[in-house]
Amino acid sequence: HYALKVFTVRWLIESKGYSFSSVATETDTQIAQRTDENLIPDIQVGNTVFEVETLYGVGTPVLTIKETIEKYRGHSGVSSIQLIVPPLAGFLHYSDLTQLVYEINETWDLEVSLSIPRLESKEIVSIEQLRQTIEGSIE
């Protein structure tokens with residue numbers, strides 16, 4: 001979990017051009033400070049929250065993701081949530097996770113995206129790239 005957070009922060013600063021001071025983590029985020037630490041995002045940049053979920057050792061991955069997103073429902077300081085899962089978890093739970101994100105985007109007032117780290121290029125990419133890679137290797 002921690003390594004994936006570090007990877008994400010590094011990507012935000014080195015690849016997306018955010019300054020170190022504009023990328024806040026955990027209790028240093030604006031949301032955590034505004035909610036007396038009742039709501040603590042993994043990473044926050046402006047009104048975007050990045051939540052890292054390994055999905056290892058959780059009972060029902062879809063429920064875990066839904067609960068993570070639900071914390072931000074109706075919170076005025078959040079306009080989008082980017083969920084970041086390891087590639088293996090993304091592969092194993094692809095259909096369920098993409099369906100959940102689709103349903104949330106359709107019914108809730110939040111913009112949610114699902115991403116994975118791409119280690120070779122040191123970037124965070126849409127989970128759709130995982131699907132395309134797998135389909136490309138099968139054909």
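1. A crossover between two strands is called right-handed if, with the strands pointing away from the viewer, the path from the first strand over the helix to the second runs clockwise. In this predicted model, such a right-handed β-α-β unit is made by β3, helix α3 (residues 61–70) and β4.

2. The two strands of that unit, β3 and β4, run parallel and are joined by five bridges. One of the pairings links Val52 with Ile84 of β4.

3. β4 also pairs with β5, in the parallel sense and over five bridges. Here Ser80 is found opposite Glu111 of β5.

4. How many of the five residues of β4 are buried? Five of the five are, so the strand is largely enclosed by the rest of the structure. A residue counts as buried when its relative accessible area is under 20%.

5. In a regular strand, side chains alternate between the two faces of the sheet. In β4, Ser80, Gln82 and Ile84 point one way, while Ile81 and Leu83 point the other way. Both sets are buried.

6. Helix α1 covers residues 2–14, which is 13 residues. From its first C-alpha to its last it reaches 18 Å, close to the 18 Å expected at 1.5 Å a residue.

7. Which residues of α1 are buried? They are Leu4, Lys5, Phe7, Thr8, Val9, Trp11 and Leu12. What covers these residues includes β4 (80–84), described above, and its partners β3 (48–52) and β5 (111–118). The cover also includes β1 (24–25), β2 (43–45) and β6 (123–126).

Definitions and conventions. Residues are numbered from 1 along each chain as its sequence is written. This is a predicted model: local features need pLDDT of at least 70, side-chain atom pairs count only at pLDDT 80 or more; totals for chains, interfaces and linings use all residues. Side-chain values use heavy atoms; hydrogens and water are left out. Helices (H or I, at least four residues) and strands (E, at least two) are DSSP runs, numbered from the N terminus. The expected span of a helix is 1.5 Å times one less than its number of residues. Buried means under 20% relative accessible area, exposed over 50%, partly exposed in between (1.4 Å probe, protein chains only). Contact means heavy atoms within 4.5 Å. Two strands pair if DSSP finds at least two bridges between them.
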